[in-house]
Amino acid sequence: MELIYLDHAATTPIRSEVMEAMLPYLTDKFGNASSIYGWGRQARKALDDARASVAEIIGADFNEIVFTSSGTESDNMAIKGAAWEYRNKGRHIITSSIEHPGVLNTMKSLEKEGYEVTYLPVNAQGLICVDDFKQALRDDTILVSIMHANNEVGTIQPIAAIGQIAHEHGIIMHTDAVQTAGALEVDVNELNVDLLSFSAHKFYGPKGVGALYIRKGIRLVPLIHGGNQERRRRAGTENTAGIVGLAAALELADKERPEFTGKMIHLRDKLIDGILKIPHTRLNGSRTQRLPNNVSVCFEFIEGESLLLNLDMQGIAGSSGSACTSGSLEPSHVLLALGLKHEIAHGSLRLTLGKDNTEAEIDYVLKALEPIVHRLREMSPLYHS
Amino acid sequence: MYSNKVMDHFQNPRNVGEIVDADGIGEIGNPRCGDIMKLWIKVENGYIVDAKFKTFGCGAAIATSSIITELVIGKTIEEAEQISDQAVVEALDGLPPLKMHCSNLAAGALKKAIADYRNKQNVS
């Protein structure tokens, strides 16, 4: 059976070039970057090169990059770190209602500490309205955190415009760029951000390593105290191989982006157009302000998990925002924030493309999908053909 | 995560459909919560001679619906109403912890279908 992986927003495999770059640092070049002898200097050099490369790609300075264990850690470090550091300036934070749990649950924990959080609504396409943002600003607002692009529905937010307004008011701007680093051109100055999180495994790098851009002059209370690593912003012996892998993967993604983006948009649109031919089906998110690899749809009258199981039986890997796949009784908070009714949100399907997906695979998926949806609808008491 | 038995009933659900002249109909669940099950039973001389279902829900919801139709066909009404959610789980060789409520769905739909049958008997 053909196996088709269409869940690249969840994770990606490590590219062979990336693994080759990493391997020496898992074996011969195993030194601790804090050590003074040759092995240590070797590791230090690798970290320095990786940091310089990552900084250059996102338009940052060498000292503005901190390596972490994940996108989620970067989000926590940015949000809690800034909230704690600037708590005497104010206790109000603005975010959106469709953030990743790495941001949303960090906000919830700060609320318990007495911070006030405004969750901006989104329109039916998943876009934040800049005027809503302006209305939410207060004298005691210290931080804004809005994701660059949404992981479920792929909507790309007007970060540059929001960041500019935040800066005019002297407010720190953070963005979770986990879905966009590697996929889009990400430049911290063009985006007007002070803090930017991303994670290697979303762009063919290893799991367990992320990064946070911290604009010069922004201070953060560290989450992890210990040694002097990462200029005391994040203690713990550096994950040299992982960091080398992150940088190698980002370099490749940056270099090959022009080649892959067009191909991915073509396949994405083919998939969307093909799926929408099935009756009672709708696209989630924006048709234009959309990640090149994201397809998110809802099929009425059926439930997402049974759809995923059927696709899996045909060798197709996708994901859903239904309650049964989230482990709770509620469907995805993102789909609900877009204004979808619960029963519609339960029937969601997300397919996210990668650089190696082919036109033939998309044809196969489209061919497989229609009969599955039909069969599940025939079984559904909500459907009356 | 699902047993082979669950996957079998999910892939090849038994007795999908409706019974036009059903003697009892039970519906349970809520589309808001992502699962709704409807069960039809046909009763002759106190025996359930046919059962059919339609379900909107996850793999476990479809499998529990399917197995309960198999469990009830051929049983008397009195025997059928003894079928517990635990019996449904056992018949499927278990369910993942997060999916246990799906077995309540099937047993609950059956109880409602039997109540509906009794109701109709009393009326006529």
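Which domains of chain A give residues to the lining of the largest pocket, and where does this pocket lie? Domain 1 (4-11 + 257-378) and domain 2 (16-252) both contribute to the lining, so the pocket lies between them. The domain bounds come from an automatic or database domain assignment.

## Basis of the model

This is a predicted model, in which local features need pLDDT of at least 70, side-chain atom pairs count only at pLDDT 80 or more, and totals for chains, interfaces and linings use all residues. Residues are numbered from 1 along each chain as its sequence is written, chains are lettered from A and ligands numbered from 1 in the order in which they are written, and side-chain values use heavy atoms, with hydrogens and water left out.

## The largest pocket

The largest pocket has a volume of about 750 Å³. A pocket here is an open set of points on a 1 Å grid over the protein atoms alone, where a 1.4 Å probe fits, with protein on both sides within 12 Å along at least five of seven lines; lining residues have an atom within 4 Å of a point. The volume is the space filled by probe spheres set on the points.

Its lining holds 38 residues, and A:His100, A:Pro101, A:Asn151, A:Glu152 and A:His333 lie nearest the centre. Helix H4 (101-112) of chain A is among the elements that give two or more residues, and H4(A) supplies the largest share, four residues. Helices (H or I, at least four residues) are DSSP runs, as are strands (E, at least two), numbered from the N terminus.

## Helix H12

Helix H12 (residues 359-378) of chain A has 20 residues and reaches 30 Å from its first C-alpha to its last, close to the 28 Å expected at 1.5 Å a residue. That expected span is 1.5 Å times one less than the number of residues. Among the buried residues of H12(A) are A:Ile362, A:Val365 and A:Leu369. Buried means under 20% relative accessible area, with a 1.4 Å probe and protein chains only.

## Aromatic pairs

There are four aromatic pairs over all chains. Rings of Phe, Tyr and Trp (its six-membered ring) pair if their centres lie within 6.5 Å; planes under 30 degrees apart count as stacked, over 60 as edge-to-face and the rest as tilted. The rings of A:Phe198 and A:Phe203 have centres 6.3 Å apart and planes at 40 degrees, so this pair is tilted. A:Phe198 is buried, at 1% relative accessible area, and A:Phe203 is buried at 4%.

The pair of A:Phe301 and A:Tyr383 is tilted too, because the planes stand at 50 degrees, with the centres 5.2 Å apart. A:Phe301 and A:Tyr383 are 82 residues apart, so the pair links distant parts of the chain.

Technical notes
Buried means under 20% relative accessible area, exposed over 50%, partly exposed in between (1.4 Å probe, protein chains only).
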